[in-house]
Amino acid sequence: MIGIIFGPPGSGKGTQAARIEAEFNLKHLSTGEILRAEVARGTPIGKEAGRIMAAGDLVPDKLIVDIVRGRLPEAEAGAGVLLDGFPRTVRQAQALDAMLAEEGHRVDLVIALEVPEGDLIERLLHRAKVEGRADDTRKAITERMHEYHKLTEAVLDHYARQGVALERINGTGTPEQVFDRIRRAIVISSR
Ligand code: ADP
């Protein structure tokens, strides 16, 4: 199975992806985590991406597509893949579709987390205090929300048009409650 966990910044994609990975034995591929590791290691990619990320902007499609191209074959070799934070633009989605098609694969499921915007901002500002992520400042959060509405939401339409199964999940409540909804949706959709 090739799944995408989709949702605005702060919707809990990373938290839920870790649980889905454990329960359904999928390989979790988070482009945000990969980029943060590159920044922490001070690699050339990290140097290019760090400033862009801290401002809340999207890194160039080519950079991120090349990263995924490098990691996808290994991930695809297992039981399935769960993409988190990718694709974030329609061009990234088209590039992903082409990469998967080479192996005779396609996106099977999109799990879209839905959380009211006021809650998202509250969660991100709270996370700023706990984790100190460079892009959890009010200015960068506003920019990330803007990029999400401007570029990323269209990815949902892209897959809806292809007839890919789309599960809209209420992302409010405790992580356990949200995971319970996701688990049920995955089980039903894979019958
Ligand atoms: P969030 O969804 O909370 O913003 P992520 O960890 O998914 O967190 O992403 C953090 C940042 O990493 C993004 O704001 C962006 O700068 C960069 N990034 C991650 N994935 C992508 C992607 N697919 N395309 C472009 N930029 C990305």
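**A walk through the model**

T152 counts as buried, because its relative accessibility is 6% (buried means under 20% relative accessible area, exposed over 50%, partly exposed in between, with a 1.4 Å probe and protein chains only). This is a predicted model, where local features need pLDDT of at least 70, side-chain atom pairs count only at pLDDT 80 or more, and totals for chains, interfaces and linings use all residues. Residues are numbered from 1 along each chain as its sequence is written, and side-chain values use heavy atoms, with hydrogens and water left out.

T152 belongs to helix α7, residues 138-161 (helices are DSSP runs of H or I, at least four residues, and strands are runs of E, at least two, numbered from the N terminus). What does T152 touch, leaving aside its neighbours within four places in sequence? It is in contact with F6, R88 and E147, contact meaning heavy atoms within 4.5 Å.

Now turn to the ligand. It is surrounded by 20 residues, and K13, T31, R36, D57 and Q92 are the closest (a residue is near if one of its heavy atoms lies within 4 Å). Helix α2, residues 31-41, gives the largest share of this shell, with 4 residues. T31 places a polar side-chain atom 2.8 Å from a ligand nitrogen. An N or O atom in the R36 side chain is 2.9 Å from a ligand oxygen. G85 uses its backbone: an N or O atom there lies 2.9 Å from a ligand nitrogen. On its own the ligand has 550 Å² of accessible area, and the protein covers 97% of that (Shrake-Rupley method, 1.4 Å probe).

P87 sits in the loop between β3 (81-84) and α5 (90-102). The peptide bond from F86 to P87 is cis, with omega near -5°. N25 is in the loop between α1 (13-24) and β2 (27-30). Its phi is near 60°, a positive value in a residue other than glycine. Is N25 buried or exposed? N25 is exposed, because its relative accessible area is 56%.

Conventions:
Polar contact = N/O pair within 3.5 Å; in protein donor to acceptor, adjacent residues only side chain to side chain.
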